[in-house]
Amino acid sequence: MEADGFVRKRRMTAETAGSDAGVAGASAGAEVRWLGGRFWGVSESIVSSLTPRIGGESQLESVDVVCAAQDAQIEDLEPDYEGLPQGASTSTHMLAGAVAGIMEHCLMFPIDCVKTRMQSLQPDPAAHYKNVMDALRRIVAAEGVWRPLRGLNATAIGAGPAHALYFASYEKLKKTLSDTIHPGANSHLANGAAGCVATLLHDAAMNPAEVVKQRMQMYKSPYRGVLDCVRAIWQREGPAAFYRSYTTQLTMNVPFQVLHFMTYEYLQELLNPHRLYNPSSHMLSGALAGAIAAAATTPLDVCKTLLNTQESHALSSSGQSQGAHRQISGLVHAFRTVYRLGGLQGFFKGVQARVIYQMPSTAISWSVYEFFKYGLTKHQHNNMRIQHIKAEG
């Protein structure tokens, strides 16, 4: 009996220590470098503040060995670690979503800069690019190594809360609607509907950051920095300018996210039917879902970019009157302008950059999100198990 108790106690210690090291190691590695020397850290302290720390080996060794009946009951309560994300809390979804959003946008920001440049309808002669790599090489050579990162801080500030709302609302609504439509099983209709609502919340938080980011990314952008850009837009165009592209953004992102979520969930059913924590399936499903959705919604993305940037060459070519009315406003106006200046091909400007951006972007987002959701939930379940052992002991 004593030998069995010692084996059980050592096994519990090893499991808990392994969990602690895995989450701490992942958290310590999630750090994003800011333009101009600023850092946006996602460290172990953030995880610690939102989820109680698991006791170390010294704490576990203080727990008395329980009887065989109690031990069997505790083992029944032990969670299946691979299935933990299904029981994650809303706060876990929000934290995991915020980290995933920040990492996704920061890691892929240089490609996003190229996409914005390549979607320009009337680019400066010095801003004509053959492809994504040619654009990156020429931007760095002509404008400096930090130029592809201009506007990164505005994006990171917006991405945190936007993706926290995005993933938390999606997970909550997906479960609620699936239980209503198809109890006990996955419902693609529920996935699509949840994706629509999640997009409304995400874009409401992210749209102002998108406007600032894209104006900072344009060739020969006149703004000294993010605050200068915000001030100039507010003074010259009013606060409504930060949401001028909101309806277009929703028109683009609602079908994008419906395709994205439904494709992701469908691929998960094929590649990961038991819905376990499986990094390779999350990455592959995310990449394919992002690529399909990105290619299908490129025309709307071109219009959104035009509304956000109010591209000066396009405004001049449109023959509009001077003054306050010299603006491109609304989706219909944007469509007409794109067609007049670029024809049907104009609606697919930057499609290569958009797909190249979205594939790794959605792969990173889902991989990081699922990892942090898994790790944080494992933390919580381990704490519950230790508290139960202490209470029974």
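User: Where does R275 lie?

Analyst: R275 lies in the loop between α11 and α12. Helices are DSSP runs of H or I with at least four residues, strands are runs of E with at least two, and both are numbered from the N terminus. This is a predicted model, in which local features need pLDDT of at least 70, side-chain atom pairs count only at pLDDT 80 or more, and totals for chains, interfaces and linings use all residues. Residues are numbered from 1 along each chain as its sequence is written, and side-chain values use heavy atoms, with hydrogens and water left out.

User: Why is R275 called partly exposed?

Analyst: The relative accessible area of R275 is 23%. Buried means under 20%, exposed means over 50%, and partly exposed is in between (1.4 Å probe, protein chains only). R275 is therefore partly exposed.

User: What is noted about the phi of R275?

Analyst: Phi is positive, about 55 degrees, although R275 is not a glycine. K220 also has a positive phi, near 55 degrees, and is a residue other than glycine. K220 sits in the loop between α9 and α10 (226-237).

User: What makes K220 exposed?

Analyst: The relative accessible area of K220 is 60%, so K220 counts as exposed.

User: How do you know that Q217 is buried?

Analyst: Q217 has 0% relative accessibility, so it counts as buried. Q217 belongs to helix α9.

User: What is Q217 in contact with, leaving aside its neighbours within four places in sequence?

Analyst: Q217 is in contact with F109, D112, C113, T116, R117, R147 and R150. Contact means heavy atoms within 4.5 Å.

User: How much of the protein chain is buried?

Analyst: Of its 393 residues, 51% count as buried. The secondary structure comes to 16 helices and 2 strands.

User: Why are α11 and α13 called roughly antiparallel?

Analyst: α11 and helix α13 (residues 298-309) pack at about 160 degrees, with their axes 9 Å apart. That makes the two helices roughly antiparallel. Angles over 145 degrees count as roughly antiparallel, under 35 as roughly parallel, 65 to 115 as roughly perpendicular and the rest as oblique. Axes are lines fitted to C-alpha atoms, for helices over the stretch in contact, and angles run from 0 to 180 degrees between N-to-C directions.

User: Which residues make the contact of α11 and α13?

Analyst: T248, Q249, T251 and M252 of α11 meet L300, D301, C303, K304 and L307 of α13. These divide into 4 nonpolar, 3 polar and 2 charged residues. Ala, Val, Leu, Ile, Met, Phe, Trp, Tyr, Cys and Pro count as nonpolar, Asp, Glu, Lys and Arg as charged, and the others, Gly among them, as polar.

User: How do α12 and α16 cross?

Analyst: The axes of α12 (residues 279-296) and α16 (residues 351-392) come within 7 Å and cross at roughly 145 degrees.

User: What makes a set of residues a nonpolar core?

Analyst: Its members are buried Ala, Val, Leu, Ile, Met, Phe, Trp, Tyr and Cys residues joined through side-chain atoms within 4.5 Å. The largest such core has 31 residues, and V114, W366 and V368 have the most contacts inside it. α16 gives the most to this core, with 8 residues. Apart from it lies another core, of 11 residues, including Y223 and F242.
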